[in-house]
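Me: I've got a protein model open and I'd like to learn how to read it. Can you walk me through it step by step?

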Amino acid sequence: MRDIFLRACRGEDVDYTPVWLMRQAGRYLPEYQAVRSNIDFLTLCKNPKLAAEVTLQPVNILGVDAAILFSDILIPVEAMGMRLEFSDKEGPVLSEPIRSKAAVERLIIPDVEEDLPFVFETIKILRKELEHKVPLIGFSGAPFTLATYMIEGGTSKNFLNTKKMMFQSAPVFHYLIEKLTDTIISYLSAQIKAGAQAVQLFDTWAGMLAPMDYKKFVFPYVKKAISELKKEGVPVIYFVNDCAGLLGEIKKSGADVIGIDWRIDMSDAIKKLGKKIVVQGNLDPCALFLPKEKIEDRVKDMLWKGEAAKGHIFNLGHGVLPQTPVENVIALVEAVHTYGRNR
Ligand code: CP3
């Protein structure tokens with residue numbers, strides 16, 4: 001197996017900078033669309049054979065240095081007892097959002113192996129398929145990001161319901177995020193047991209918080225989850241979208257790797273994090289719409305900046321957008337592999 005990604009996560013010496021991309025499997029790939037034309041998204045997530053197939057597509061098409069399990073962050077939320085649907089227009093919709101203590105009380109802490117067997121089956125298929133290829137990353141939504149979906153009932157602009165719960169009914173919010181933290185720990189531990197070789201926590205919406213609220217309502221739970229997961233012995237990656245104002249806190253999370261979005265220059269992020277942390281990121285996903293030579297220039301710039309950290313895993317600052325030209329994504333991976341040699 002080409003283990004350069006895992007070596008970079010651990011801050012070991014590497015021959016070149018490894019690269020994978022958030023949302024590397026998905027709608028921008030015609031091969032994904034072909035599979036999706038016969039099956040809805042949630043059913044695809046729950047079909048181990050097909051979920052494994054779409055996980056492997058970017059590994060074969062792009063030549064990335066890691067695979068990420070095909071699933072969604074909301075799968076365990078459904079297992080906690082909420083009804084989940086994906087609408088083409090609105091994205092995820094959770095009916096009957098959580099707004100009271102009674103609603104939190106009704107949430108189940110799932111027996112993940114019993115309730116989500118398809119996730120672990122997919123991981124087992126993938127480890128066999130990837131044996132001579134690249135490592136497999138498992139993932140979960142981070143506690144706060146999952147809480148926002150549960151409280152808002154879907155994506156939100158201002159997260160007013162979430163913040164109202166934090167500010168007006170703090171014990172209820174803490175009760176909810178505690179239940180989520182326990183679920184996430186058992187879910188990711190089971191992914192590792194099934195064969196995931198690294199895990200990433202996606203905190204897509206934590207950047208919507210004032211730093212003092214992140215510190216009080218979110219960080220203790222992230223820290224707890226990471227410290228429990230580190231006992232499993234695989235690298236833990238923590239990605240916060242819109243992280244710039246929170247890096248002072250994020251630095252103390254205990255994660256092996258910190259994922260950085262594109263709104264902060266990589267050099268500034270590394271200055272804030274210090275030299276003891278491996279960074280992952282952080283090209284603007286829209287930079288994939290630049291001409292190829294310009295993409296190369298950005299890659300060179302970022303590789304050079306990444307050298308100041310303990311280690312650098314190249315990635316986008318958020319997921320690949322559905323409209324992205326595949327040839328540009330291939331060119332990006334090639335450029336990282338060409339210019340990232342012998343750091
Ligand atoms: O990265 C990968 O290739 C692995 C698969 C993956 C998906 N979702 C597949 C997906 C991963 C890691 C996720 C994580 C996820 N899901 C996040 C965190 C990362 C981020 O983007 O911030 C979030 C917030 C979600 C919730 C979610 N799932 C939304 C808001 C949407 C709708 C909007 C969108 O981008 O499509 C989804 C749907 C989704 N998840 C799709 C895919 C491939 C598209 C479904 C389709 O085929 O129609």
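Me: Let's begin with one residue. Which residues does T162 touch, not counting residues up to four places away in sequence?
Reply: A contact here means heavy atoms within 4.5 Å. By that rule, T162 touches F144, T148, I151, E152 and F173, with residues up to four places away in sequence left out.

Me: Before we go on, what kind of model is this?
Reply: It's a predicted model, where local features need pLDDT of at least 70 and side-chain atom pairs count only at pLDDT 80 or more, while totals for chains, interfaces and linings use all residues. Residues are numbered from 1 along each chain as its sequence is written, and side-chain values use heavy atoms, with hydrogens and water left out.

Me: Okay, where does T162 sit, and is T162 buried or exposed?
Reply: Helices (H or I, at least four residues) and strands (E, at least two) are DSSP runs, numbered from the N terminus. T162 belongs to helix α10, residues 160-168. For burial, look at relative accessible area: under 20% is buried, over 50% is exposed, and in between is partly exposed (1.4 Å probe, protein chains only). T162 has 0% relative accessibility, so it counts as buried.

Me: F173 was in that list. What does F173 contact beyond its neighbours within four places in sequence?
Reply: F173 is in contact with F144, A147, I151, T162, M165, M166 and F217. F173 is part of helix α11, residues 170-194, and F173 is buried because its relative accessible area is 0%.

Me: Let's zoom out. How many helices and strands are there in the protein?
Reply: The protein has 16 helices and nine strands. To judge the overall packing, we use the radius of gyration, taken over C-alpha atoms, and a globule rule of 2.2 Å times the number of residues to the power 0.38. Here the radius is 19 Å, close to the 20 Å that the rule gives for 343 residues, so the protein is as compact as a globular protein of that length. Of those 343 residues, 58% count as buried.

Me: What share of the contacts with a separation of 6 or more comes from residues 24 or more positions apart?
Reply: That share is 74%.

Me: How many disulfides does the count give?
Reply: A disulfide is a pair of cysteine sulfur atoms within 2.5 Å. The count by this rule is zero. Take C9: its nearest cysteine sulfur, that of C243, is 17 Å away. C286 is in no disulfide either, and the nearest cysteine sulfur to it, that of C243, is 17 Å away. As for accessibility, C9 is buried at 2%, whereas C286 is partly exposed at 44%.

Me: Now the backbone. Which angles deserve a second look?
Reply: Most residues other than glycine have a negative phi, and most peptide bonds are trans. In this model, R23 has a positive phi of about 60° although it is not a glycine. R23 is in the loop between α1 (4-9) and α2 (30-36), and R23 counts as exposed at 55% relative accessibility. E96 also isn't a glycine, and its phi is positive, near 50°. E96 lies in the loop between β3 (91-95) and α6 (101-106), with 69% relative accessibility, so it counts as exposed.

Me: And where is the peptide bond from G281 to N282, cis or trans?
Reply: That bond is cis, with omega near -10°. N282 lies in strand β8, residues 278-283.
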